[in-house]
Amino acid sequence: MAAQLTGGSVFEKSLQEKIHDSKVLVVGAGGIGCEILKNLVMCGFQDIEIIDLDTIDVSNLNRQFLFHKEHVGKSKANVARESALSFNPNVKITAYHDSITTTNYGVSFFQKFNVVLNALDNRAARNHVNRMCLTADVPLIESGTAGYNGQVELIKRGVTQCYECQPKEAQKTFPGCTIRNTPSEPIHCIVWSKHLFNQLFGESNEDEDVSPDTADPEAAGGKAGEEALQKESNEKGNVDRVNTRSWAQSCQYNAEKLFNKLFHDDINYLLSMSNLWKNRNPPKPAKWGELDDEGEKDAENSANDAVLRDQKVWSLKEAGRVFEESISALRDEFAKLADGDHLVWDKDDKHAMDFVAACANIRAQIFNIPRKSRFEIKSMAGNIIPAIATTNAITAGVVVMHAFKVLQGQFDKCQSVYMRLRPNARNQLFIPDRTLNAPNPKCYVCAAKPEVVLKVDTKVVTVKELRDDILIKALNVINPDVVLDGKGVIVISSEEGETDCNNDKKLEELSIVDGCILKVDDFFQNYELSITIVHKDAQRDEANFEIIADLDSLKPKVDEEKDAEQQPSTSNGSSSKKDTNGEPKASTSHAANIDDDDDDMCIIEDDKQIDHDQPSTSSITPPTEKRKHTDDDGPSTKKARVDPAADEDEDLIVID
């Protein structure tokens with residue numbers, strides 16, 4: 001058996017028995033997940049289940065040591081299982097190549113386990129596991145790393161704060177006119193390219209239009225696009241608009257036509273907005289067949305070297321070739337989907353990542369912005385900080401030591417732990433909180449009566465946007481039912497097609513106006529939420545909604561003292577303060593931010609990542625107790641409206 005020495009066990013008998021009899025779930029099979037699985041097997045755990053939707057990429061091999069070159073393209077969960085069994089073939093390991101957010105894994109699934117160990121890489125999946133563990137009343141151990149920094153914390157209903165107890169910083173966004181008309185930084189080009197991917201192949205969003213913005217106030221007063229508009233106008237003087245995807249499909253995603261439209265015609269259109277270029281260097285249109293071939297010989301020599309290809313900056317001609325190849329591959333993938341379905345951008349999908357990297361570099365060249373390597377673009381597009389293998393290993397070790405304490409019922413000894421590159425004032429590299437972080441009584445997830453205030457432009461926001469952008473994306477509800485309180489009007493139903501007729505209606509058309517209350521229920525998550533509507537008139541380039549979980553935040557506040565030194569935030573988004581001796585006090589969490597893309601999740605002080613996929617929301621403060629799910633309730637049979645790509649591994653960090 002693992003964890004045995006000659007003449008006895010490493011662990012005392014009572015702990016050894018608990019380890020042997022326990023059942024553990026590991027969510028995520030990336031950098032931390034692999035290390036956790038290895039540790040569990042070597043410590044003598046006999047019944048382990050692991051789940052991850054991702055497949056193995058070449059870039060994973062430098063830090064995910066259960067995977068090797070021959071495993072590239074295979075399921076992370078399945079390969080991790082096979083590799084772990086080589087350490088101890090007597091262990092029962094069940095692997096799922098699936099998303100933890102699907103309805104296959106309901107409350108009854110989580111109730112099977114003594115402890116759940118999270119090793120995820122995105123906020124949506126973490127939020128979901130947090131809610132399921134709260135409902136199932138199963139201890140959850142969260143972990144994350146960012147470079148040389150790491151953290152581990154316990155989440156237990158009624159004992160500690162939950163993952164959503166403390167506010168997350170609002171995602172950083174950019175004005176639409178900057179993205180569409182006047183980019184000045186590489187990240188602007190990357191965001192534009194991700195928007196273009198969605199316009200062509202993904203879930204289309206009107207707010208992510210990539211065409212020149214003629215409503216840009218800075219362009220007003222000139223003849224903004226006048227000639228182009230005249231050419232496009234019909235006999236009545238109106239312009240017949242065709243959305244980007246319909247146009248691309250009409251030309252069968254021809255790379256040359258797409259290129260010339262996006263990087264030549266649209267740029268010339270922008271040049272006609274003369275006011276934009278009075279104090280800026282104007283862009284230089286690019287045309288297919290006239291691309292610079294600088295560095296092309298080096299490109300040919302490195303074409304088969306994936307690592308070198310990721311690290312070098314492509315020439316414009318090479319970017320054009322990658323653009324053509326990725327368009328062709330994505331077109332074929334898109335054609336295989338059912339009507340109404342779409343692709344989901346994933347930084348670990350070769351063709352999707354190639355497409356964004358190529359488009360970003362071509363656009364950067366046009367606007368005289370420094371181009372970036374594919375690796376750099378992947379890091380920026382995925383909101384990630386490269387992970388360090390040793391940090392993952394140390395963090396995973398602390399996770400399993402916390403698991404020992406949980407199995408022994410020693411929750412009071414499971415204080416959050418922070419790993420740092422340099423010692424603090426007390427010469428500590430591993431810095432524990434003094435006490436457990438207590439539940440937030442105003443948490444919108446685990447409080448006795450979860451509630452939030454939604455400041456929203458009821459004249460603009462539609463019911464579909466309420467469901468998709470606010471409830472599902474921002475509040476992480478899986479399959480909501482929404483009723484207008486006091487009137488009994490069903491606004492949104494989780495039953496397929498039942499309330500589709502409401503989708504395009506503005507909120508005010510259904511009498512959802514200032515002061516009314518919406519009751520939200522998610523049967524799958526066993527979660528209820530009360531939403532108080534506060535109308536606001538959204539200004540240009542301002543988010544149409546803002547979520548406020550602490551109702552007192554709407555009242556006038558007295559300025560708070562800001563002189564306390566702040567520790568890097570926990571995986572929960574909380575921040576611990578130090579006393580004068582450098583010893584962490586109980587956390588008094590402040591806002592922190594996470595996105596949706598790759599990694600373990602710790603936030604580094606003063607380091608901020610950017611998430612462009614989520615709608616901009618305010619910080620949401622929210623635990624103590626939720627309504628219980630009965631033991632005989634089976635898994636929900638309702639279909640979840642979720643992105644299956646939400647669960648990835650966690651070795652590159654998203655700032656949460």
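1. Buried means under 20% relative accessible area, exposed means over 50%, and partly exposed lies in between, with a 1.4 Å probe and protein chains only. By this scale aspartate 468 and arginine 467 are both buried. The two residues form a salt bridge whose closest N and O atoms are 2.7 Å apart; the term stands for a side-chain nitrogen of Lys or Arg within 4 Å of a carboxyl oxygen of Asp or Glu.

2. The structure is a predicted model, in which local features need pLDDT of at least 70 and side-chain atom pairs count only at pLDDT 80 or more, while totals for chains, interfaces and linings use all residues. Residues are numbered from 1 along each chain as its sequence is written, and side-chain values use heavy atoms, with hydrogens and water left out.

3. Side chains of opposite charge can pair when their charged atoms come close. Over the whole structure, 20 salt bridges are found. One of them joins the side chains of aspartate 266 and lysine 261, at 3.1 Å from N to O. Aspartate 266 has a relative accessible area of 11% and is therefore buried, whereas lysine 261, at 23%, counts as partly exposed.

4. A further salt bridge, at 3.5 Å from N to O, brings together the side chains of aspartate 332 and arginine 331. Aspartate 332 is partly exposed at 39% relative accessible area, and arginine 331 is partly exposed at 31%. Elsewhere, salt bridges link Lys23, Asp47, Glu49 and Lys112 in a network.

5. Rings of Phe, Tyr and Trp (its six-membered ring) pair if their centres lie within 6.5 Å; planes under 30 degrees apart count as stacked, over 60 as edge-to-face and the rest as tilted. The count by this rule is 19 aromatic pairs. Among them, phenylalanine 109 and phenylalanine 110 form an edge-to-face pair, with 5.7 Å from centre to centre and 90° between the planes. Phenylalanine 109 and phenylalanine 110 are both buried.

6. The rings of phenylalanine 263 and phenylalanine 323 have centres 6.0 Å apart and planes at 75°, so this pair is edge-to-face. Because phenylalanine 263 lies in helix 10 (residues 255–271) and phenylalanine 323 in helix 13 (residues 316–335), the pair ties together parts that are 60 residues apart in sequence. Helices here are DSSP runs of H or I with at least four residues, and strands are runs of E with at least two, numbered from the N terminus. Phenylalanine 263 is buried at 0% relative accessibility, and phenylalanine 323 is buried with a relative accessible area of 0%. Ring pairs link a cluster that includes Phe263, Phe323, Trp192, Tyr253 and Trp288.

7. Patches are made of residues with over 30% relative accessible area and no salt bridge, like charges being joined within 9 Å and nonpolar side chains (Val, Leu, Ile, Met, Phe, Trp, Tyr) within 5 Å. Ile394, Leu429 and Phe430 form a nonpolar patch with about 250 Å² of accessible area together. Isoleucine 394 belongs to helix 16 (residues 389–407) and is partly exposed at 40% relative accessible area.

8. Glu495, Glu496, Glu498 and Asp500 gather on the surface in a patch of negative charge; Asp and Glu count as negative, Lys and Arg as positive, and His and the chain ends are not counted. Aspartate 500 is in the loop between strand 13 (489–492) and strand 14 (517–522). The relative accessible area of aspartate 500 is 44%, so this residue is partly exposed.

Conventions:
Areas by Shrake-Rupley, 256 points an atom, 1.4 Å probe, with all protein chains shown as cover. Charge placed at Lys NZ, Arg CZ, Asp CG, Glu CD.
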